[in-house]
Amino acid sequence: MSLDLDNLELVYKKYYEISLQIREFIDRKLYNEIAALISKKEIIFQESQIYAKRIQETNEDASILAPLCKLIHNQEKENIALLTAIKNDIKEEMCKVNKNTKLAKAYALSEKKQGSILDFSE
């Protein structure tokens, strides 16, 4: 293997490790920590693009990295599915909260408009 292929393999392994860490944070509900890891992932992805381009220019066979790429793909797919489910749950809760807030406001406004026989302020 060439140096570029070795470096690409190391970069892919780092990327996979970060994907696993993101999964751990999702499981532990530490969503604020995920943003920092996503930034790291973007930097590592850019680095991988450089090595991949060099390998492509030399027409080197990179098929040895296919199993690692499959692991990364599956982990990323799983993370996306989990985060999408969390997003949908939050969306549902927001709709419920909005409905309850609108209902409370409607009742609050209607109570102010109604007078009472014993209301001496009129």
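A search of the whole structure finds one aromatic pair; rings of Phe, Tyr and Trp (its six-membered ring) pair if their centres lie within 6.5 Å. The partners are Tyr15 and Phe45, and because their ring centres are 6.5 Å apart with planes at 50 degrees, the pair is tilted (planes under 30 degrees apart count as stacked, over 60 as edge-to-face and the rest as tilted). Tyr15 belongs to helix H1 (residues 3-27) and Phe45 to helix H2 (residues 31-57), so the pair ties together parts that are 30 residues apart in sequence.

The model is predicted: local features need pLDDT of at least 70 and side-chain atom pairs count only at pLDDT 80 or more, whereas totals for chains, interfaces and linings use all residues. Residues are numbered from 1 along each chain as its sequence is written, and side-chain values use heavy atoms, with hydrogens and water left out.

The protein contains three helices and zero strands, and its pattern along the sequence is α-α-α. Helices (H or I, at least four residues) and strands (E, at least two) are DSSP runs, numbered from the N terminus. The axes of H1 and H2 lie 9 Å apart, at an angle of about 165 degrees; axes are lines fitted to C-alpha atoms, for helices over the stretch in contact, and angles run from 0 to 180 degrees between N-to-C directions. H1 and H2 are therefore roughly antiparallel to each other (angles over 145 degrees).

Of the 122 residues of the protein, 21% count as buried. Buried means under 20% relative accessible area, exposed over 50%, and partly exposed in between (1.4 Å probe, protein chains only). Among contacts in the protein with a separation of 6 or more, 78% come from residues 24 or more positions apart; a contact means heavy atoms within 4.5 Å.

Most residues other than glycine have a negative phi. Lys29, in the loop between H1 and H2, has a positive phi near 60 degrees. Asn59, in the loop between H2 and helix H3 (66-113), likewise has a positive phi, near 55 degrees.

The table lists the accessibility of the residues named above.

| Residue | Relative accessible area | Class |
|---|---|---|
| Tyr15 | 15% | buried |
| Phe45 | 43% | partly exposed |
| Lys29 | 61% | exposed |
| Asn59 | 70% | exposed |

Key. Angles under 35 degrees count as roughly parallel, over 145 as roughly antiparallel, 65 to 115 as roughly perpendicular and the rest as oblique.
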